[in-house]
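Welcome, and thanks for taking a look at this chain with us. Below is a short tour of its sheet, its charged side chains and a few backbone details.

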Amino acid sequence: MRKRRLSHVDLSYKAKSVKTFDNEVYELKGSIAVNTDNGEIQKVADIYYRVRTAVNSQKHVIAKRKNTNDELQTYRKKY
């Protein structure tokens, strides 16, 4: 599988939670992101460019980026 860009719309329905570059964890509920620490609610589109790693409901990493300037790319672990 080749890597491809994951848009914020794809992120909304494929990911269960995301971690940002500033170590915040958000649980995704549709197009809404809820901070697991303080309950702060934001739109997925608003936090999209801060997302470092996206995880699905089976706790598998589905997308990641190494630097804030990189695109959020699909990810598949090599076995």
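**Briefing on the predicted model**

Please keep in mind that this is a predicted model. One of its strands, E1, covers residues 17-20 and holds Lys 19. An open sheet is formed by 7 strands, paired in the antiparallel sense. By the salt-bridge rule the count comes to 6, and a patch of positive charge lies on the surface.

**The sheet**

- Reading across the sheet, the strand order is E4-E3-E2-E1-E5-E6-E7, with antiparallel pairing.
- The edges are taken by strand E4 (41-43) and strand E7 (73-74), each of which pairs on one side only.
- E5 and E6 are antiparallel partners, joined over 3 bridges.
- In this part of the sheet, Val 55 stands opposite Val 61, a residue of E6.
- Ala 54 is placed in strand E5, and Ala 54 is buried because its relative accessible area is 0%, where the cut-off for buried is under 20%.
- Ala 54 and Tyr 75 are 21 residues apart in sequence, and their C-alpha atoms are 9.3 Å apart in space.

**Salt bridges**

- As background, side chains of opposite charge can pair when their charged atoms come close.
- Arg 4 and Asp 10 meet through their side chains in a salt bridge, at 4.0 Å from N to O.
- Within this pair, Arg 4 is partly exposed at 37% relative accessibility, whereas Asp 10 counts as buried at 16%.
- Arg 5 and Glu 71 form another salt bridge, with 2.6 Å between the closest N and O atoms.
- Because Glu 71 sits in the loop between E6 and E7 while Arg 5 belongs to the segment before helix H1 (8-14), this pair ties together parts that are 66 residues apart in sequence.
- Both ends are partly exposed: Glu 71 has a relative accessible area of 40%, and Arg 5 is at 41%.
- The side chains of Asp 22 and Arg 50 also meet in a salt bridge, at 3.8 Å from N to O.
- That pair links distant parts of the chain, 28 residues apart: Asp 22 is in the loop between E1 and E2, and Arg 50 is in the loop between helix H2 (44-47) and E5.
- Asp 22 is partly exposed at 44% relative accessible area, and Arg 50 is likewise partly exposed at 29%.

**The positive patch**

- Which residues gather in the patch of positive charge on the surface? They are Lys 3, Lys 19, Arg 52, Lys 64 and Lys 66.
- Lys 19, a residue of strand E1, is partly exposed with a relative accessible area of 37%.

**Backbone details in two loops**

- Asn 23 has a positive phi, near 60°, and its place is in the loop between E1 and strand E2 (25-29).
- Asn 23 counts as exposed because its relative accessibility is 54%, and the cut-off for exposed is over 50%.
- Lys 59 also has a positive phi, near 65°, and lies in the loop between strand E5 (51-55) and strand E6 (61-64).
- Is Lys 59 buried or exposed? Lys 59 is exposed, with a relative accessible area of 70%.

Methods. Residues numbered from 1 in each chain as written. Predicted model: local features only at pLDDT ≥ 70, side-chain atom pairs only at ≥ 80, totals over all residues. Heavy atoms only, no water. Patch = residues over 30% accessible without salt bridge, like charges linked within 9 Å, V, L, I, M, F, W, Y side chains within 5 Å. Areas by Shrake-Rupley, 256 points an atom, 1.4 Å probe, with all protein chains shown as cover. Lys, Arg positive; Asp, Glu negative; His and termini not counted. Charge placed at Lys NZ, Arg CZ, Asp CG, Glu CD. Helix = DSSP H or I, 4+ residues; strand = E, 2+ residues; numbered from the N terminus. Buried < 20%, exposed > 50% of the residue type's maximum accessible area, 1.4 Å probe, protein only. Pairing = 2+ DSSP bridges.
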